[in-house]
Amino acid sequence: MSEFGRHGEWLSLLDVSGPFLAEPVLEPALPQGLQGLDPVVKKEVRQAYDEWREALDFDEEEFSKLHGAWISFVLERVLGFGAEFLLSGEKLGEAYRYVPPENAIALAPDVVVTDGKGKALLLVRQCDASTSLNEASTSDGWTASPVERMIELCRATGVRLALVTNGEQWTLVDAPVGAVTSVASWYARLWSQEPLTLQAFSDLLGIRRFFSGTDAELTTLLDKSLTLQDEVTDALGEQVRRAVEVLVQSLDRADQDRNRELLKDVSPEELYEAGLTIMMRIVFLLSAEERGLLLLGDRHYEDNYAVSTLRGQLRLEADEVQERRWDAWSRLLSLFRAVFAGVDHGSMRMPALGGSLFDPDRFPFLEGRSKGSNWKTEAAVPLPIDNRTVLLLLDAVQLFQGRTLSYLALDVEQIGYVYEGLLERTVVRAKEVTLDLTATKDAKAPWVTLSELDDAAASGGAAVAELLKERTGSSAGRIRNDLAKKPDETESGKLLAACDGDVGLRDRIKPYFHLLRTDSWGYPLVYPKGTFMVASGFDRRETGTHYTPKSFTEAIVRTTLEPLAYVGPSDGAPRDEWRLKSPDELLDLKICDPAMGSGAFLVQVCRYLADRVVEAWSEVEKTGKAISADGDVEDDIGALEPLSQNSDERSLLAKRLIAEKCLYGVDLNPLAVELAKLSIWLITLAKGRPFGFLDHNLRSGDSLLGIHSPDQLQFLDIRPTAEASKKLFASKIDVALREAIELRIDLRLQPIRDIKDVEAMARLDKSARAKLKSIDQVADALIGHYLASNGRKPDLTKFSIDVGDVLSGDANDKSGALSEEASFNLHIGLP
């Protein structure tokens, strides 16, 4: 029995992508476990498989006939589908045939399992034994694997379930309309070695799972698992929020221990961003380790660095030991540095990944260093964040209802959703003693200051109850009951600890003890004056950070980009006359999401365009040209390294190129920008390759407010007229723009092979920004003047003189004044 329960063992032996079947769903539906399989059938399966395998290995002439017989045997004998339930050949007709419009390649099943009355239950696709079900084929010009093609067919025909097999691998596809697709693969070679997998295959895909009429039907189990996956995502979001709170409190205690010197130059917003970034780093590392992109498997890495193994190691420590040890925090910081800068040691080598996400100098106080210090020259002084706190951080992103989560089963979009809910939060300093209340989900401000309670108490108990009812969103009955309860001795002790030993403060708070929210260790959340606390910032509806399901982005992205990826749609040509654009044309596209949030649309754009690029490469190769390892089309490959023929490697390179050259995004929230970078890195990271450089194309700013044409600066007018004349400084703007564009072009052409290439791109980006610094200030100030004029055209005479001085480089004091003026008028940072 595995640690997960009776179904964990066989689930762990399957290759699963997506929600598939969750253990909490299987437990009540199959309380006795899997249905046993007739020993006679087991013996027949072993004999039939051995015969099939031998014929394949020795390339027997009659293998094709035996291949079909083996698949028919599994369908009929193992799964129990008699001839009356199976349609094949001419009986299939055209109902289950589909021709995708973008490539005109017909898709059709070989067999359809029906309910005996004409309703399709399961599509079956029989592939050659040599065909990989997961690798994309390019032989017909469509870069898609058999499994991906079957997903397309399921969605087109409305039959959500399909079984794809090459005789060895048996892959179940669940493609419900408008929801996440699940894929699970069994392997016939394991059916004898691991008989539980054969039992699961027979029980879950067998005939009774389609006709039981109960909650144990396969589609019902899959639907419940989908629902549970949404619950997992919501629960993860809440767990991560609490973990960030605990981390902020730990940093606040460390700051107190250092006489408030550690965080003296750190804004509350920056502190919250640091806490959330730590959690984003952990999630990225868990995902990368599961996908084999780091060194998981290397004993030195696993024992001393890996996030995946750290939680298990901490679990071996007693609680009282965890509270008195601080080595886990140092281990995390060491891993973050190793990922950022790489490791080159005799016992372990890891290439540098770089990226702002892991930059040690972004939040130096996490390492006990002062703001502005350099991690290469100033020693870290690890903070006393105990192992118990680190274990909580790890549990928050790895556990759901006591079970360990697999990030392979979570879409990038779902990971983004976990964090999007946290973008509405921020950190503030408590202006006075503040109590965190247990509240309903609808409560907008579940906090109350002690002075507010004292004022209400002066007006009587009813006023106190009404105040608490308003802040918590709870019923009047619940408020009365909790106010009537008194804390016991243990609870009073925990309250005293939360009040830093202040007996008088504890006694003032005691009457409200049972209304207080507690931390993960049962201590009430009380924030003394001057301490940091996590509070609500903007409502998600105000910030625009909404979760966008993958099924939604897929449809919109395809519809939007087809006219850009193909020649023909914009001319009204029939679909069969469309022509895919060349690789260079596709890589020259620029797609911008002006309110990108966690990057859900950009992630899907990356997937869609990458598939088109891979198809375009295949078309080019058919003409005799070659593709280099950097994705360039070459008439003669010569001494250049050719592009790999491995479909996964080609797809990954295409995604990296699309991310670096084609994707652009803006969001008002700087944290959303980092989240979007994380999302794109998760789908583009390749083993041994650094993060793609995204700082120049994913930016924080306001997409709705700003100039949109250089003419507006050159004329210093939001609406320049034909009669107007350019200002004397217009030529300086032209020069700066031209030089910045040249740097951007050089940046765009820079291939990324290792961290040195990323560093070169960062230097180019920094130089380009420097060229535009003064122009940015002028643009912001210009918009500010128009906003301050309340709809009237402002008098810009003096402003024009100041701009000329600033662009000439002769007035640094005026440059600062322009920035201050823009900030005053706008109250917001612009891109």
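Let's start with a buried residue: Asp717 has a relative accessible area of 12%, where buried means under 20%, exposed over 50% and partly exposed in between (1.4 Å probe, protein chains only). This is a predicted model, in which local features need pLDDT of at least 70, side-chain atom pairs count only at pLDDT 80 or more, and totals for chains, interfaces and linings use all residues. Residues are numbered from 1 along each chain as its sequence is written, and side-chain values use heavy atoms, with hydrogens and water left out.

**Exercise 1.** Find the salt-bridge partner of Asp717.

*Solution.* 
- Step 1: apply the rule, a side-chain nitrogen of Lys or Arg within 4 Å of a carboxyl oxygen of Asp or Glu.
- Step 2: Lys793 lies in the loop between helix 30 (755-788) and helix 31 (797-808), and Asp717 in the loop between helix 28 (710-714) and helix 29 (730-749), so the bridge ties together parts 76 residues apart in sequence. Helices (H or I, at least four residues) and strands (E, at least two) are DSSP runs, numbered from the N terminus.
- Step 3: Lys793 is exposed, at 62% relative accessibility.

**Exercise 2.** How many salt bridges does the rule give?

*Solution.* 
- The count is 54.
- One network, built from salt bridges that share partners, joins Glu238, Arg241, Arg242, Glu245, Asp436 and Arg517.
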